Amino acid sequence: MTEKTLSSLASCDINSSLSHELKDIGSIEVNKALPLDERLDDFICQIKNPYLFKSGDLTVKVRMKESGAQFKSALLRSLFPERNNLPD
């Protein structure tokens, strides 16, 4: 997924998105046998928008501080806590 695509997904408005079209993060099953980068790609492919998704009945909008961790690093840390020594 390109930076331009990720930027476009990050700008999706939570209020104008149709909640029934959002993927529920609880339904995502990542193949743990894949290498780390491929697991990340698999997750993003399944979730459709890693910045806007459902968690049960809740709609979740992820926002990153410009001075904070890069999205990929933060996502990897949250998906794979056993790898918390990943660099930003």
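Contact here means heavy atoms within 4.5 Å. Before you click on, know that this is a predicted model, in which local features need pLDDT of at least 70 and side-chain atom pairs count only at pLDDT 80 or more, while totals for chains, interfaces and linings use all residues. Residues are numbered from 1 along each chain as its sequence is written, and side-chain values use heavy atoms, with hydrogens and water left out.

**Stop 1: the helix α2**

Now select residues 36-47, which make up helix α2. (Helices are DSSP runs of H or I with at least four residues, strands are runs of E with at least two, and both are numbered from the N terminus.) From first C-alpha to last, the 12 residues of α2 reach 16 Å, close to the 16 Å expected at 1.5 Å a residue. That expected span is 1.5 Å times one less than the number of residues.

Which residues of α2 are buried? Colour Leu 36, Arg 39, Leu 40, Phe 43, Ile 44 and Ile 47 to see them. They cover an arc of only 135 degrees around the axis, so they sit on the same side of α2. The arc is taken from the directions that run from the helix axis to the C-beta atoms. As for the labels, buried means under 20% relative accessible area, exposed means over 50%, and partly exposed is in between, using a 1.4 Å probe and protein chains only.

**Stop 2: the core**

Show side chains for Ile 28, Leu 40, Phe 43, Ile 44, Ile 47 and Phe 53, the 6 residues of the largest nonpolar core. α2 supplies the largest share of this core, with 4 residues. A nonpolar core is a set of buried Ala, Val, Leu, Ile, Met, Phe, Trp, Tyr and Cys residues joined through side-chain atoms within 4.5 Å. In soluble globular proteins, nonpolar side chains tend to be buried together.

Zoom in on Phe 53, which belongs to strand β1. With a relative accessibility of 9%, Phe 53 counts as buried. Not counting residues up to four places away in sequence, Phe 53 touches Leu 22, Lys 23, Ile 25, Ile 47, Leu 58, Thr 59, Val 60 and Val 62.

**Stop 3: Lys 48**

Go back to the end of α2 and click on Lys 48, which follows the helix. Lys 48 lies in the loop between α2 and β1. Is Lys 48 buried or exposed? At 55% relative accessibility, Lys 48 counts as exposed. Check the backbone as well: Lys 48 has a positive phi of about 75 degrees, although it is not a glycine.

**Stop 4: the hairpin**

Select β1 (residues 52-55) and β2 (residues 58-61), which run antiparallel and are joined by 4 bridges. Two strands pair if DSSP finds at least two bridges between them. Leu 52 stands opposite Lys 61, and Ser 55 has Leu 58 as its bridge partner. The two strands form a hairpin with 2 residues between them, and Gly 56 in the turn has a positive phi of about 65 degrees.

**Stop 5: two more distances**

Pick Ser 7 in helix α1 (residues 3-10). Ser 7 is partly exposed, at 48% relative accessible area. Ser 7 and Tyr 51 are 44 residues apart in sequence but 9.6 Å apart in space, C-alpha to C-alpha.

Then jump to Leu 18, in the loop between α1 and α2. Leu 18 counts as partly exposed, at 45% relative accessibility. From Leu 18 to Thr 59 it is 41 residues in sequence and 9.9 Å in space, C-alpha to C-alpha.

**Last stop: zoom out**

Show the whole protein chain, with its 3 helices and 2 strands. Trace them from the N terminus and the order is α-α-β-β-α. Buried residues make up 25% of the 88 residues.
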